[in-house]
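Biologist: I would like a close look at one part of this model, and then at how that part sits in the rest of the chain. Please keep to what can be read from the coordinates.

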Amino acid sequence: MKDVLRKIFICTLLCVLSCHAYGQGVIREDGTIASFRSGDFKVDFFGQDKVAGPTFYIQQDSEKEYGGWTLDEQGRFGSRIGDISAWLQYLDTDDRITFRITLKNESDEVFAPVKAGVALGIDTYMEEYPQWLSKFFPTLMMCEKTHIYGYLQSPQGHVLAVTSPDPVASWSVDYNLSYWDIPEFWFYGHRIESVNLDLINALPLPGHHPQDMWKLEPGEEKTWKVSLVPVTSLQSFEQEMA
């Protein structure tokens, strides 16, 4: 009976989340964002053909490993890669999408990856005219020792800010893979398939980045709050982020 009630509870949560708009954002059943609308513009997010987001990842060598989300009874989405657990929780906001992401080292050894964080999933793939007019490009991202801020802008002039009041080690983008004529000769292209917040990143990092966000001690847990904020204009960017 308890298992039946648990399944009913989780199904109800999934239904609420799949239909609920967090700051005009539509959340899929798998915990990723489908779209975000603000005023006269809409921000699309990647689906399963690319890296949807937010998605938890760890990079130990040259390859990234991604974790899927599972909804729990507390209304959080959980994920795990190896001995590292992650939780994603959306917060109710009127004019933005805000979520908390938590990473915890469940092992008895120090976790010091190349990087670990979240792929935001914003559709940045500019392939052809005129569809690229509504796509967003990571124009400015700045890691400070205590916080991160920046924005993506579309050719139409719409601005979406990314901000966190918590220290983020670094940020990065992933480019598409392509080839010339013969499939064996692969190379990285110029189209952006993912914008990432590298919550933990190996040193060295630029001096203005936090210098202590390269590891998780055994049993250590860290939480970040991230917001995606529509900005009226670049002239009001600082004021709206304050």
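Modeller: Start at Pro204, which lies in the loop between strand 16 and strand 17. The model is a predicted one. The peptide bond leading from Leu203 into Pro204 is cis, and its omega is near 5 degrees. Most peptide bonds are trans. There is another cis bond, between Gly53 and Pro54, where omega is about 0 degrees. Pro54 also sits in a loop, the one between strand 4 (41–44) and strand 5 (55–59).

Asp198 has 0% relative accessibility, and it counts as buried because that is under the 20% limit. Ser194 is also buried, with a value of 2%.

Both side chains have polar partners. Asp198 reaches the side chain of Ser172 in a polar contact of 3.0 Å. For Ser194 the partner is the side chain of Asn196, at 2.6 Å.

Ser194 is in contact with Phe46, Ala119, Thr124, Ser172, Val173 and Asp174.

Strand 17 gives three residues to the lining of the second largest pocket, the largest share. Strand 14 (159–164), strand 17 (221–231) and helix 2 (237–241) each provide at least two lining residues. The volume of this pocket is about 190 Å³. Eleven residues line it, and those closest to its centre are Arg96, Thr163, Pro165, Ser227 and Met241. Sorted by class, the lining holds four nonpolar, four polar and three charged residues.

Arg96 comes from the loop between strand 9 (84–91) and strand 10 (97–105). Its relative accessibility is 22%, so Arg96 counts as partly exposed. The side chains of Arg96 and Asp95 are joined by a polar contact of 3.1 Å. Ser38 is 58 residues away from Arg96 along the chain, yet their C-alpha atoms are 8.3 Å apart.

As for the rest of the chain, it has two helices and 17 strands. Of its 242 residues, 45% are buried. Among contacts between residues at least 6 apart in sequence, 55% join residues at least 24 apart. The chain exposes about 12,500 Å², with carbon and sulfur atoms supplying 52% of that area.

Methods: Residues numbered from 1 in each chain as written. Predicted model: local features only at pLDDT ≥ 70, side-chain atom pairs only at ≥ 80, totals over all residues. Heavy atoms only, no water. 1 Å grid on protein atoms, 1.4 Å probe; cavity = no way out; pocket = protein on both sides within 12 Å on 5 of 7 lines; lining within 4 Å. Points joined across faces, edges and corners; volume = space filled by probe spheres on them. Helix = DSSP H or I, 4+ residues; strand = E, 2+ residues; numbered from the N terminus. Nonpolar A, V, L, I, M, F, W, Y, C, P; charged D, E, K, R; others polar. Buried < 20%, exposed > 50% of the residue type's maximum accessible area, 1.4 Å probe, protein only. Contact = heavy atoms within 4.5 Å. Areas by Shrake-Rupley, 256 points an atom, 1.4 Å probe, with all protein chains shown as cover. Polar contact = N/O pair within 3.5 Å; in protein donor to acceptor, adjacent residues only side chain to side chain. Lists of a residue's contacts leave out its neighbours within four places in sequence.
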